[in-house]
Amino acid sequence: MSSSDSKNSRKVFVWKYVMEVSGEQYIRCKFCNQRCTRGVNRLKHHLAGTHHGMKPCNKVSEDARLECKEALANFKDQKTKRNELLQEIGMGPTSMHESALSKTIGTLGSGSGSGSRSGSGSVSGSGEPIPRGPMDKFTTSQPRQSTLNSKWKQEERKEVCRKIGRFMYSKGLPFNTVNDPYWFPMIDAVANFGPGFKPLSMHELRTWILKEEVNDLSITMEDHKKAWKQYGCSIMSDGWTDGKSRCLINFLVNSPAGTWFMKSIDASDTIKNRELMFKYLDEVVEEIGEENVVQVITDNASNYVNAGMRLMEKMSRLWWTPCAAHCIDLMLEDIGKLNVHATTLSQARQVVKFIYGHTWVLSLMRTFTKNHELIRPAITRFATAFLTLQSLYKQKQALIAMFSSEKWCSSTWAKKVKGVKTQSIVLFDPNFWPHVTFCIKTTVPLVSVLREVDSKERPAMGYIYELMDSAKEKIAFNCRGIERKYGPIWRKIDARWTPQLHRPLHAAGYYLNPQLRYGDKFSNVDEVRKGLFECMNRMLDYQERLKTDIQLDSYDQAMGEFGSRIAIDSRTLRSPTSWWMRFGGSTPELQKFAIRVLSLTSSASRCERNWSTFESIILLFLNRLEHQRLNALVYVRYNTRLRERKEIDSDDEWIAEKEDPLLPLDLCWLQDNELFNVDAIRVVSSNSQETQASSDHMVSSHSYKRKHNEVPSTNGGKGKEKELNLTPIDEDEDLDEMGIHDSGHFPTIDTLDEDDDDLGEEDLS
């Protein structure tokens with residue numbers, strides 16, 4: 001009788017003791033009606049009375065009990081003999097783990113050899129078995145004796161972990177390297193290979209491995225290309241200089257699918273050459289496809305401006321726009337040069353430098369601030385300065401308590417010149433804290449706009465126009481609507497916004513954003529309409545332009561699907577791009593145009609983010625012939641971390657005389673968003689903006705007049721003060737909005753001359 005017949009015969013005798021119930025998927029004992037959930041083998045134990053998995057049957061006949069008991073004994077003998085046979089031919093538990101995992105992989109990889117044969121019983125010339133499938137080499141027919149091996153495996157794992165740790169300590173790798181998404185796949189791949197793995201060499205890293213990664217990422221780029229065609233895209237370019245004064249120009253492409261690094265160019269000897277800058281940009285546009293590019297974003301350097309203008313002359317449908325983050329940072333720099341701001345920043349920098357420059361003082365500060373830091377790294381240098389100023393103000397009471405404490409007064413630092421100066425600023429300067437308050441109120445709204453335009457959460461093109469106006473209004477509101485206080489700040493902002501940053505694309509994005517277009521505060525003035533029509537004329541051919549102009553009426557009047565209840569209710573729930581994709585189907589030409597505008601970013605700051613992390617890479621390739629490999633390294637590094645943006649290092653001009661690295665290793669304090677209140681800019685409570693009928697309070701907000709077709713006027717500093725027609729608020733109430741508390745007084749800041757942007761100490765009371 002064959003083995004299969006024997007197996008079937010065993011099943012036959014078992015099934016005669018089974019009772020089947022219609023509609024039930026379980027089997028039941030014929031004698032006691034006991035339900036069995038694990039098949040006939042479990043039923044055998046039940047009938048034989050072995051206490052294995054089920055309680056014995058108390059009604060089974062003696063013949064049935066002996067028959068099942070004999071069948072189980074025969075099965076156990078056959079299983080033992082089979083395991084002994086497997087052990088003899090090298091397929092037992094020990095040999096499978098020690099031999100098959102390593103040597104048979106080599107046999108499989110070669111695919112040839114006199115000893116290799118196919119089939120489940122085949123063995124190699126060395127007597128080792130060949131697994132039947134790709135996973136069989138990692139399995140065994142016997143359960144592992146975990147009780148015997150667990151202790152040994154624990155010790156073995158500790159040794160492996162120590163060797164990995166020793167490597168990381170030797171190379172100075174950060175501990176969070178093990179949190180990288182590619183860490184576990186790497187460890188698993190090495191472990192699955194088993195003993196005998198030959199580590200990769202430096203030559204392999206530089207050659208075929210790097211090439212394979214580039215090829216894989218190029219396949220991924222196809223998804224981005226589809227998004228470029230559907231939504232349009234922005235080319236972002238920015239120069240970066242390494243520690244050896246080598247200048248690299250980086251080109252990235254942004255779309256709703258994400259930001260994609262294209263390439264870097266070594267422009268050390270051509271960065272100032274306008275002709276070559278134009279050539280570089282032109283080549284990237286051609287590579288991506290002129291029909292897919294809506295705008296090119298660069299900084300405001302003269303060579304970039306010239307190249308951008310020439311690009312617009314050659315390609316009639318794309319725009320060149322300056323980087324919004326760069327322009328706003330320049331606004332903050334200009335504001336920081338005003339007398340009050342410059343003096344306050346200088347004093348604050350002295351305080352922070354002294355504290356962070358001496359370990360004992362820093363430890364004392366952290367004791368009083370409960371481990372809250374003063375330095376707040378931000379996306380740009382001047383944003384860092386003003387946010388650090390705000391953080392300093394938040395810890396005002398802690399710093400006052402620290403420099404008044406007995407521990408400080410009895411220390412040697414309290415008797416040194418720098419310590420005395422720092423203590424004097426914090427405790428005895430009557431203007432320092434009021435000036436800090438004023439600087440915060442006049443800059444943080446602008447910093448929040450900077451954070452918004454640099455955010456990856458949503459494209460900023462549909463918001464930047466309104467954000468800039470709201471930021472200016474918020475600054476004026478914080479200054480109690482007194483023009484002599486906010487006027488110099490506004491002039492610094494307008495000097496950058498009007499000639500540099502403000503573009504037709506921004507006006508078009510403002511008009512096409514349904515969240516703003518249908519709002520009560522929407523400004524349908526000539527400036528906005530002109531920007532919209534200029535974009536339509538440039539980006540559309542005549543037939544598309546004609547159809548879009550007709551379809552614009554439906555959008556303006558909220559007719560058809562634009563006026564449906566679900567479209568109205570979802571204006572603020574959906575992103576502008578998503579809203580147009582959902583409700584713009586009846587106006588296809590206008591829909592396509594709106595999506596291409598509203599999908600745009602307005603900042604190129606991602607080009608320069610994290611480039612310092614490539615310093616060590618660049619130092620490996622001093623030879624200019626190696627730039628191709630450098631470009632491949634950056635291409636792989638950046639594009640595999642598209643969604644892993646990190647904060648930049650803190651601005652070291654606020655940390656001088658450092659004895660040791662003093663910033664905490666735990667950077668969770670950087671994630672505090674308490675002081676970034678964008679909503680406080682965009683939406684000011686109507687209760688705090690109610691107008692008051694007073695002949696002594698004239699509205700002078702440029703943004704307000706723009707929205708009512710009025711022209712701002714000046715009085716040359718003579719006559720009554722011009723104030724914003726808003727309800728003034730106390731300093732404490734205003735600072736509470738920003739999470740800050742103070743008991744000081746708001747500084748009175750006036751300018752003797754309307755044209756004088758510098759506020760001197762003599763102007764302060």
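## Exercises on helix packing, burial and confidence

Helix α13 (residues 339–356) packs against helix α15 (residues 381–394) at an angle of about 65 degrees, and their axes lie 10 Å apart. The model is predicted.

**Exercise 1.** Work out how α13 is oriented relative to α15, and which residues make the contact.

*Solution.* 
- Start with the angle, about 65 degrees.
- Angles of 65 to 115 degrees count as roughly perpendicular. Therefore α13 is roughly perpendicular to α15.
- Next, the handedness: α13 crosses α15 in a left-handed way.
- Now list the residues. From α13 come His341, Thr344, Leu345, Ala348, Val351 and Val352; from α15 come Ala385, Phe386, Thr388, Leu389 and Leu392.
- Sort them by class: the contact of α13 with α15 has 8 nonpolar, 3 polar and no charged residues.

**Exercise 2.** Do likewise for α22 and α28.

*Solution.* 
- Helix α22 (residues 504–512) and helix α28 (residues 588–598) pack at about 120 degrees, with axes 9 Å apart.
- That angle makes α22 oblique to α28.
- The crossing of α22 and α28 is left-handed.
- On the α22 side are Leu505, Ala508, Gly509 and Leu512; they meet Leu590, Phe593, Ala594, Val597 and Leu598 of α28.
- The contact of α22 with α28 divides into 8 nonpolar residues, 1 polar and no charged.

**Exercise 3.** Is glutamine 551 buried or exposed? Find its contacts too.

*Solution.* 
- Locate the residue: glutamine 551 sits in helix α25 (residues 542–556).
- Read its relative accessibility, 12%. Buried means under 20%, so glutamine 551 counts as buried.
- Leave out residues up to four places away in sequence. Glutamine 551 then touches Thr587, Pro588, Glu589 and Leu590.

**Exercise 4.** Classify glutamate 204 by its relative accessible area.

*Solution.* 
- Glutamate 204 belongs to helix α8 (residues 202–206).
- Its relative accessible area is 25%.
- Setting aside neighbours within four places in sequence, glutamate 204 contacts Pro199, Ile209 and Leu210.

**Exercise 5.** Where is confidence highest, and where is it lowest?

*Solution.* 
- Begin with the whole protein: pLDDT averages 75, and 70% of the residues score at least 70.
- Confidence is highest in α28, at 96, and lowest in helix α31 (residues 679–682), at a mean of 32.
- Then check two stretches. Over residues 619–625, pLDDT stays under 50, and the model has 9 contacts beyond four places in sequence.
- Over residues 643–651, pLDDT also stays under 50, with 23 such contacts in the model.
- Where pLDDT is low, predicted coordinates should not be read in detail.

Notes. Residues numbered from 1 in each chain as written. Predicted model: local features only at pLDDT ≥ 70, side-chain atom pairs only at ≥ 80, totals over all residues. Heavy atoms only, no water. Axes fitted to C-alpha atoms, helices over the stretch in contact; angles between N-to-C directions. Helix = DSSP H or I, 4+ residues; strand = E, 2+ residues; numbered from the N terminus. Parallel < 35°, antiparallel > 145°, perpendicular 65-115°, else oblique. Left-handed = near helix turned anticlockwise from the far one by under 90°. Contact = heavy atoms within 4.5 Å. Nonpolar A, V, L, I, M, F, W, Y, C, P; charged D, E, K, R; others polar. pLDDT = per-residue confidence, 0-100. Buried < 20%, exposed > 50% of the residue type's maximum accessible area, 1.4 Å probe, protein only.
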